[in-house]
Amino acid sequence: MLNMLVSTLWRNSRGIINLNNYGFIQRKQAVIIGSASSAMNSNKAKAGVDKLRQIVHSHSSDGWEKSWREGVTPWDLGQPTPILLHLLQTDSLPKGRALVPGCGSGHDVIAIASPDRYVVGLDISESAIEIATKLSSSSSNANYHTFLKTDFFTWQPTGLFDLVFDYTFFCAIEPDMRSAWASRIQDLLKPSGELITLMFPISDHVGGPPYKVSVADYEEVLHSMGFRATSILDNELAIGPRQGREKLGRWKRSTQSSL
């Protein structure tokens, strides 16, 4: 096909244009390969999500544990979240005690843990916690984080947090549990603490998990708890399949007293 393209002559109003140009062909190949790769990744992700939904809905009591045991974890990046690393590298994360609910394999917990920031990762799946614990065993930050197999909605910590980071947790819970999620955030954060939400997936799809989200969905449950967004920005560092479907929200309790 490319040989035919090379030998093809196109004519326009200015005369004959020879497409036998290496740069053009190279770019054309890159576009073709990139498009094919993107389509394959998209199809693979969709298959993973479909399988996840099947597992979670058919195993109501231990669906998340089963998904981890079977390796059906399409939300897991297998690396720290890029925008979170950016916040870390630009010294834009609160120090103190941090919480990551639904931490999964623990990459984000390990990445932001430091002598100035002790991080607790929670997950309801025992297999996820085992993976995270094994992954973190050789980390230089091992003394500055911990992983707990527990339910975010019933867990009672010994102290409050300066930071809660939520990514792919809000969208994983049933939408009718979002008010309870916001209430727990209020209970777990210090009065001066900050909630950082990486909102995903911003779309109009039906069903879940992941369930669709919008900025309004977060505002609806957080405003009633006294939280206001200090910034909401498009996530320019979202991975390929999630580009255009994520926003980074930063929230703090409003300092205005209620009337």
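Which residue's backbone oxygen lies 3.3 Å from a polar atom of the side chain of Arg117? Select Leu93 and look at its backbone oxygen: that is the one.

Some ground rules before moving on. The model is predicted, so local features need pLDDT of at least 70 and side-chain atom pairs count only at pLDDT 80 or more, while totals for chains, interfaces and linings use all residues. Residues are numbered from 1 along each chain as its sequence is written, and side-chain values use heavy atoms, with hydrogens and water left out.

**Stop 1: Arg117**

Stay on Arg117, which sits in strand β4, residues 117–123 (strands are DSSP runs of E, at least two residues; helices are runs of H or I, at least four; both are numbered from the N terminus).

Arg117 is buried but has no salt bridge. Buried means under 20% relative accessible area, exposed over 50%, partly exposed in between, using a 1.4 Å probe and protein chains only. A salt bridge needs a side-chain nitrogen of Lys or Arg within 4 Å of a carboxyl oxygen of Asp or Glu; the nearest side chain of opposite charge, Asp91, is 5.3 Å away.

**Stop 2: helix α4**

Now select α4 itself, residues 82–89, where Ile83, Leu84 and Leu87 are buried. They lie on the same side of α4 because they cover an arc of only 105° around the axis (taken from the directions from the helix axis to the C-beta atoms). Show β6 (161–167) and β9 (247–253) too: both are among the elements covering these buried residues.

**Stop 3: the tryptophans**

Finish with Trp64, Trp68 and Trp75, which ring pairs link into a cluster. Rings of Phe, Tyr and Trp (its six-membered ring) pair if their centres lie within 6.5 Å; planes under 30 degrees apart count as stacked, over 60 as edge-to-face, the rest as tilted. The whole structure has 11 aromatic pairs. Trp64 and Trp75 are edge-to-face, 5.5 Å centre to centre with 75° between the planes. Trp64 is in helix α3, and Trp75 is in the loop between α3 and α4. Trp68 and Trp75 are edge-to-face as well, at 5.6 Å and 80°, and both are buried.

Conventions. Lys and Arg count as positive and Asp and Glu as negative; His and the chain ends are not counted. A polar contact is a pair of N or O atoms within 3.5 Å; within protein, one must be able to donate a hydrogen and the other to accept it, and residues adjacent in sequence count only if both atoms are side-chain atoms. Contact means heavy atoms within 4.5 Å.
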